[in-house]
Amino acid sequence: MIIDPIKQGLASGWDHRDGALLTEDLTLEADVAIIGSGAGGGVSAEILSQAGLKVLIIEEGPLKSSTDFKMMEKDAYPALYQESAGRQTADKAISIFQGRAVGGTTVVNWTTSFRTPDRTLDYWKENFAVEGFSAQEMLPWFLKMEQRLNIDTWKAPPNENNSILQRGLTKLGIPSHTIRRNVLGCWNLGYCGMGCPTNAKQSMLVTTLPAALNSGATLISRCRVEKIQFKSDQVVGLDCLALDASGNRPSGTKVTVKAKHYVLAGGAINSPALLLRSKAADPNKTIGARTFLHPVNAVAAEMPKRVEAYSGAPQSIYSDYFQQQDHAQEMGFKLEVPPLHPVLISIILGEFGEHHASLMQRYPRVHAMIALLRDGFHEQSQGGQVKLRDDGSPLLDYPITDYLWDGFRRAWKSMAETQFAAGAHRVIPMHLDSPVMGYSSWQEARREIDELPLQALRARLLSAHVMGGCAMGEDPKRSVVNSQGRFHHADNLWVFDGSAFPTSISANPQLSIYGLAAKQASGLAQRLTGTIPVSQSA
């Protein structure tokens, strides 16, 4: 029997309010109000509540639990993802996958866990005047969160999808490594992206949020923060709208929040969008700027035997060989593989009618590889700008420069060569001008990939790692918050999420957000109480 800790907690008396069930306007008060319950909000909630502070967590998405997770894409994407997994950049060239539920993206990510690379931390200090984030200063926070969330090297054999990546790289003499994951008692099902049905994934949903609620925190779900109310250099309240049962439309009920301090942890895109919607002070136009994606392109391959890329730990092997280069040189990229469930692979493969049916008939033997581009470290890679639509909802304008296109082309070739080295019969770069049946040799692929037009909407591009938009640093002309996460223009507003990163991470970012939030929230707890919770002191 699988125990559902959320149902148990609710039965024990957790203070949870469902915005969809409110029948009249409501005012809530707290010492600290946290906007968002993902990696940044969850960690902050646990630390601040255990410091003895009255914490209120406000989440736009619904409260779901393992009982609701049925390993079905048709249910998971509308319920657990931003814009039903249909979020895109302004020109629709890049699809963006972000979580939208209590626990945020940690509920639907693939559990891959990397510390922030040392050279990224060095780059922040040298180029963005970020203080207190050296490798030595961050080490205790990473160690603390790794212990808290059971992050460890995956010890089971990789599934065939990951093994193909490993075999191909080994054949080419390129090093690969085993990924660390935040799981405990994993059943190796492979459906992490649809919510873990066994609670093995150590997401915020089953770790920090229950701890915060057990310490007296209040959670309100299906409640959207519309505006932050500013008065002089202080935040004086939040204007929120309760959502209806669909979780998408306001119900007409208003929620007002009053707190001494406010932590913004809605994630990149949503956090800067809320500041823009609230008309926060922005004399240097830094809010929403430098938003990064780790833009992803992909190559599918038809293998001689069944791959069954929908089964087993989604990601367990990676290679950083192609991003071990100087910042001023070519765009670097990280190689990983994605899980392939029917809807996702249908989107990646594209095509229509008979062509699409032919591709899907080969689905069990399809392997796919992805390259995550390391954006933010070059003058031609300055990221995107978060803007607002007419209705106030966020929109990311992310230009694809020649520098990024060159990275995509080199990544297609590196992935195709690796797949052929692993024994692929055919490879298909995810580009509308690739032949439906793909290329049958590495020589053909190399020649033809050089001819693919580098145009938005012809290449199929994805992202699941959104970062930046509220960059931290000591220079207000180039940043939104200081190195402690405090908004430059309000003394009681803090940003503790991935939007504070000045560049992309160069690695899957969840552990970087955990480490940042643990450091910043502990600093805030100490500032407000004079002590740091023993369980979280580094």
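**Loops, strands and a helix pair**

Leu457 sits in the loop that connects α12 (442–449) to β21 (helices, H or I of at least four residues, and strands, E of at least two, are DSSP runs numbered from the N terminus). Phi of Leu457 is near 75°, a positive value in a residue other than glycine. The model is predicted, so local features need pLDDT of at least 70 and side-chain atom pairs count only at pLDDT 80 or more, while totals for chains, interfaces and linings use all residues. Residues are numbered from 1 along each chain as its sequence is written, and side-chain values use heavy atoms, with hydrogens and water left out.

**Positive phi**

- Most residues other than glycine have a negative phi.
- Lys92, which is not a glycine, has a positive phi of about 65°.
- The loop between α3 and β4 holds Lys92, and Lys92 is exposed at a relative accessible area of 53% (exposed is over 50%, buried under 20%, partly exposed in between, with a 1.4 Å probe and protein chains only).

- Gln82 belongs to the loop between α3 (73–80) and β4 (94–96); with a relative accessible area of 8%, Gln82 is buried.
- Beyond its neighbours within four places in sequence, Gln82 is in contact with Glu60, Arg87, Gln98, Gly99, Arg100 and Asn270 (contact: heavy atoms within 4.5 Å).
- The side chain of Gln82 reaches the backbone oxygen of Gly99 at 3.5 Å.
- Between the C-alpha atoms of Gln82 and Ala101 there are 8.7 Å, and the two residues are 19 residues apart along the chain.
- His465 is found in the loop between β21 (461–463) and β22 (467–468), and counts as buried because its relative accessibility is 12%.
- The side chains of His465 and His294 are joined by a polar contact of 3.0 Å (N or O atoms within 3.5 Å; within protein, one able to donate a hydrogen and the other to accept it, and residues adjacent in sequence counting only if both atoms are side-chain atoms).
- Apart from residues up to four places away in sequence, His465 touches Phe292, Leu293, His294, Leu372, Asn508 and Pro509.

**Strand β2**

- Eight of the 10 residues of β2 (residues 26–35) are buried.
- β2 pairs in the parallel sense with β12 (residues 250–264) over nine bridges (pairing needs at least two DSSP bridges), and Ala33 has Tyr262 as its bridge partner in β12.
- β2 also runs parallel to β3 (residues 55–58), joined by four bridges, with Ile35 opposite Ile58.

- An open, antiparallel sheet has the strand order β5-β8-β6; its edge strands are β5 (112–113) and β6 (151–153).
- Three bridges link β6 to β8 (residues 180–182), and Thr153 stands opposite Arg180.
- Helix α13 (residues 510–529) packs on this sheet, touching β5, β6 and β8, and its direction makes about 60° with that of β8.

**Helices α2 and α13**

- The axes of α2 (residues 39–50) and α13 come within 8 Å and cross at roughly 35° (axes are lines fitted to C-alpha atoms, for helices over the stretch in contact; angles run from 0 to 180 degrees between N-to-C directions).
- Residues of this contact include Val43, Ile47 and Leu48 of α2 and Ile513, Tyr514 and Leu524 of α13.
- The contact residues divide into 11 nonpolar, three polar and no charged (nonpolar: Ala, Val, Leu, Ile, Met, Phe, Trp, Tyr, Cys and Pro; charged: Asp, Glu, Lys and Arg; polar: the others, Gly among them).
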